[in-house]
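Please read the briefing below alongside the sequence and the 3D view. It goes through contacts, strands, salt bridges, cores and confidence in turn.

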Amino acid sequence: IFYPFGSAAGDTRNAAVDDGSSSVIPLLSPFLFFGRRYQQIYVNNNGHLTFNQASSQYVPDFFAANRSQDIIAGLWTDLDNHARGVISYHQYTNGSVLTRATLDINSHFPNLTFNASWVFVATWDKVPYYNLTNTETSFQVVLISGSIFSFILMNYGDIAVTRLPVEAVYNTVNSFDYFVIPGSINRSFISNLKNSSNVNVPGRWAFRVDSGTKSNKENIIGLQGKLSSFLDLTDSGNIQIVLQQIKQKLVKNGLPSSIELKLRYLQKIKP
């Protein structure tokens, strides 16, 4: 499921520096990310992409913490390409990669008619965790755009289990739009990322990340469920955890990632 990468694909390699980043990468085509239009990007060695400035942060922000800039993280953790492994990137405006991206997006989002005009591929190939040189972790983050649409593909190969904090996520400055791949914050689970998916392709997660449709915000959806364990919902932190889990389930089943959830309290009064 990986897109072409490495020297054979003409990739540019990041320097082998712990907690390092690429230099600023001017984009050959602007990338729309939840209403913000970016013309540059950074590939950070610790598993994520940022737009406004490079980031050396290796401990992920959990549960949609408000951030100083937008972030797309294939696997946000303490990776160390100084030991070994390769982190590289390439962008395309023509050729077979665009053809492949067009086919993939139309397959994953069949209600759209899409033609890719730009693709950016960032790959972490067999990169170990910090101070664990015997581990190997391989994944890709692929940005795809065309016309008014933009998408992310997250492709996963072998992912080693780690004791380090870890998270696969995208998040925005105001945290209104975010998604955490289920299980990716469970360090003993992440090796299963190569088998999980929201598009029935093992190892791949696909997301539409442009501004979406305004009409989505006007929809009201009812959901009834039962909690498997007790949580004190008077605690705002617990409320956000529950709402995030519900949102992830809804997005996984086809709702737009821009969906907003609100909790309404009802009091039952006996007649």
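**Contacts of Val 121**

Val 121 is in contact with Tyr 3, Pro 4, Ser 88, Tyr 89, His 90, Tyr 92, Gln 140, Val 141 and Val 142, leaving aside its neighbours within four places in sequence; contact means heavy atoms within 4.5 Å. The model is a predicted one, in which local features need pLDDT of at least 70 and side-chain atom pairs count only at pLDDT 80 or more, while totals for chains, interfaces and linings use all residues. Residues are numbered from 1 along each chain as its sequence is written, and side-chain values use heavy atoms, with hydrogens and water left out.

- Val 121 belongs to strand S7, residues 118–129. Helices (H or I, at least four residues) and strands (E, at least two) are DSSP runs, numbered from the N terminus.
- With a relative accessible area of 1%, Val 121 is buried. Buried means under 20% relative accessible area, exposed means over 50%, and partly exposed lies in between (1.4 Å probe, protein chains only).
- Pro 4 is 117 residues from Val 121 along the chain, and their C-alpha atoms are separated by 8.2 Å.

- Strand S10 covers residues 167–171, and five of its five residues are buried.
- In a regular strand the side chains alternate between the two faces of the sheet.
- On one side of S10 are Glu 167, Val 169 and Asn 171, on the other are Ala 168 and Tyr 170, and both faces are covered.
- S10 runs antiparallel to strand S5 (residues 71–76), and four bridges join them. Two strands pair if DSSP finds at least two bridges between them.
- S10 also runs antiparallel to strand S11 (residues 178–180), with three bridges between the two.
- Which residue of S10 is the bridge partner of Ile 72? The partner is Tyr 170, and Tyr 170 also stands opposite Phe 179 in S11.
- S10 and S11 form a hairpin with six residues between the strands, where Ser 175 takes a positive phi near 65°.

**Salt bridges**

- How many salt bridges does the structure hold? There are six, a salt bridge being a side-chain nitrogen of Lys or Arg within 4 Å of a carboxyl oxygen of Asp or Glu.
- One of them joins the side chains of Asp 70 and Arg 36, at 2.8 Å from N to O. This pair links distant parts of the chain, 34 residues apart: Asp 70 is in the loop between strand S4 (48–50) and S5, and Arg 36 is in strand S3 (residues 36–44).
- Asp 70 has a relative accessible area of 0% and is buried, whereas Arg 36 is partly exposed at 27%.
- Asp 104 and Arg 100 form another salt bridge, with the closest N and O atoms 4.0 Å apart. Both residues lie in helix H1 (residues 96–108), four residues apart, which is about one turn of the helix.
- Asp 104 counts as buried at 14% relative accessibility, and Arg 100 counts as partly exposed at 29%.
- Lys 194 forms a salt bridge with Asp 158, and their closest N and O atoms are 2.8 Å apart. Lys 194 is in the loop between S11 and strand S12 (204–208) and Asp 158 is in strand S9 (residues 149–159), so the pair ties together parts that are 36 residues apart in sequence.
- Lys 194 is partly exposed at 35% relative accessible area, and Asp 158 counts as partly exposed at 48%.

**Nonpolar cores**

- A nonpolar core is a set of buried Ala, Val, Leu, Ile, Met, Phe, Trp, Tyr and Cys residues joined through side-chain atoms within 4.5 Å.
- The largest core has 39 residues, and those with the most contacts inside it are Phe 33, Ile 72, Phe 120, Trp 124, Leu 143 and Ile 152. S7 gives the most to this core, with six residues.
- Apart from this core lies another, of 20 residues, among them Ala 9, Ala 101, Leu 153 and Ala 206.
- Not counting residues up to four places away in sequence, Phe 120 touches several residues, including Ile 25, Leu 27, Ile 41, Val 43 and Leu 143.

**Confidence**

- The protein averages a pLDDT of 85, and 77% of the residues score at least 70. pLDDT is the predictor's confidence in each residue, from 0 to 100.
- Over residues 212–222 the pLDDT stays under 50, and the model has four contacts for them beyond four places in sequence.
- Residues 265–271 also have a pLDDT below 50, with two contacts in the model beyond near neighbours in sequence.
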